[in-house]
Amino acid sequence: MRPFLLILFTCLFAMMSAAENAGAPDEAEVKARTVAISKSLRCVVCQSESIHDSNAPLAADMRALVERRVRAGDSDAQVRDYFQVRYGDYVLMRPPLKASTILLWLGPLALVVLGAGWFFIRMRTKPTAGSPGLERMSDADTARVQAALSGTNGDEDQL
Amino acid sequence: MKIWTRILPILLFLGLMAFLAFGLKRDPRVLPSELIDRQMPEFALSELHFPEATVSDLDFRGHVSLVNVFGSWCAACVVEHPKLVQLSQREDFQLIGINWRDDRTTAVAWLERFGDPYDQIAFDPDSELAIDLGVTGAPETFIVDADGRVRYKYVGIITDEAMRDKIDPILRIIAEEAG
């Protein structure tokens, strides 16, 4: 228990001192946040890459701008807003949930639910709909099965 | 009942296909300009020909402006350029260039070769103004009214048809508003 508390308090103190030092951003933290934010912004000239992954010159300039804004003290959300105001929802790798994007977010789920529903309905209705089952076996077949199960073989000529 | 369970999946599939086919026809490169009807962003950049001079958002006040994003690296800009040289004869707007992600000497040489139609050119090597305007490529042309509001964004090469169908109608609306 003791070591756990020790670690907990160390973490808490580290977080508090990090908050106090917000005025002078820590270099590693700036870099880490720049990378994280860059990964959440879409490169507007290369369709499906984030600006972090893209080699496009515009993406490089956008990364530099992200870093400048992080350094200037913007929160992650403020940086993303900055780009969203200029480039629209498109620039966000995760589009926001709103009326015009509801299909995008819930469409796949709706398809799964529809598919599963259809599957279960078929599962329930199929056996009663006259598919091949035990009750449709001919008397001769039934006799053969029973003969086979009881160990005597009444059908030697066919083996 | 039975026929429906057969037909419904096919209908759903066809519906999905139609939806996706429609999506394929749309050009994903055409992004809406978020700036439409907003104020031109504040900026101050060095003039391409006169590095000591500044071009800023204040230069847009009192004139209707066509703001053209170009670069000497941009192949489509060479195609568009004669049209801009021709448009520079018109009196109803000023033509402002944004020289985007370029090298100063290369850009000046490019303009010497193809002609310089611009009244002023903002030199933007680090995409400062370009990102602020939501630019995604060159050429791109913005119409800014005399109050400094962005009224329209045209993506691509300005052709005669683009002038007639897209740009001139907006210029006429702006002129009518001004009386």
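User: What percentage of the 159 residues of chain A count as buried?

Analyst: This is a predicted model. In chain A, 16% of the 159 residues count as buried. To be buried, a residue needs 20 or more other C-beta atoms within 10 Å of its own.

User: What makes up the secondary structure of chain A?

Analyst: Chain A has 6 helices and 0 strands. Along the sequence the pattern reads α-α-α-α-α-α.

User: How do you know that the span of H3(A) agrees with its 15 residues?

Analyst: Set the two values side by side. The expected span uses 1.5 Å times one less than the number of residues. For the 15 residues of H3(A) that gives 21 Å, and the end C-alpha atoms are 21 Å apart, so the two agree. After the helix comes A:Gly73, with a positive phi near 100°.

User: Which residues of H3(A) are buried, and what covers them?

Analyst: The buried residues are A:Leu58, A:Ala59, A:Asp61, A:Met62, A:Arg63, A:Leu65, A:Val66, A:Arg69 and A:Val70. Their cover includes helix H2 (27-39) and helix H4 (76-87) of chain A, together with helix H4 (128-132) of chain B.

User: Which residues touch the most other members of the largest nonpolar core?

Analyst: That core has 49 residues. A:Met62, B:Val69, B:Ile98, B:Trp100, B:Ala130, B:Phe142 and B:Val144 touch the most other members. Helix H3 (residues 57-71) of chain A gives the most to this core, with 6 residues. In soluble globular proteins, nonpolar side chains tend to be buried together.

User: Why are E6 and E7 of chain B called paired strands?

Analyst: Pairing takes at least two bridges. Strand E6 (residues 140-144) and strand E7 (residues 150-155) of chain B have 5 bridges, so they count as paired, in the antiparallel sense. E6(B) and E7(B) form a hairpin with 5 residues between them. In the turn, B:Gly148 has a positive phi of about 80°.

User: What stands opposite B:Phe142, and which residues does B:Phe142 touch?

Analyst: B:Lys153 in E7(B) stands opposite B:Phe142. Leaving out residues up to four places away in sequence, B:Phe142 touches B:Val67, B:Leu133, B:Val150, B:Tyr152 and B:Lys153.

User: How many residues of chain B are in contact with chain A?

Analyst: 13 residues of chain B are in contact with 14 residues of chain A. Contact here takes C-beta atoms within 7 Å. By class, the chain B side has 4 nonpolar, 5 polar and 4 charged residues.

Definitions and conventions: Residues are numbered from 1 along each chain as its sequence is written. Chains are lettered from A and ligands numbered from 1 in the order in which they are written. This is a predicted model: local features need pLDDT of at least 70, side-chain atom pairs count only at pLDDT 80 or more; totals for chains, interfaces and linings use all residues. Two residues are in contact if their C-beta atoms, placed from the backbone, lie within 7 Å. Ala, Val, Leu, Ile, Met, Phe, Trp, Tyr, Cys and Pro count as nonpolar, Asp, Glu, Lys and Arg as charged, and the others, Gly among them, as polar. Helices (H or I, at least four residues) and strands (E, at least two) are DSSP runs, numbered from the N terminus. A residue is buried if 20 or more other C-beta atoms lie within 10 Å of its own, exposed if 12 or fewer, and partly exposed in between; C-beta atoms are placed from the backbone. A nonpolar core is a set of buried Ala, Val, Leu, Ile, Met, Phe, Trp, Tyr and Cys residues joined through C-beta atoms within 7 Å.
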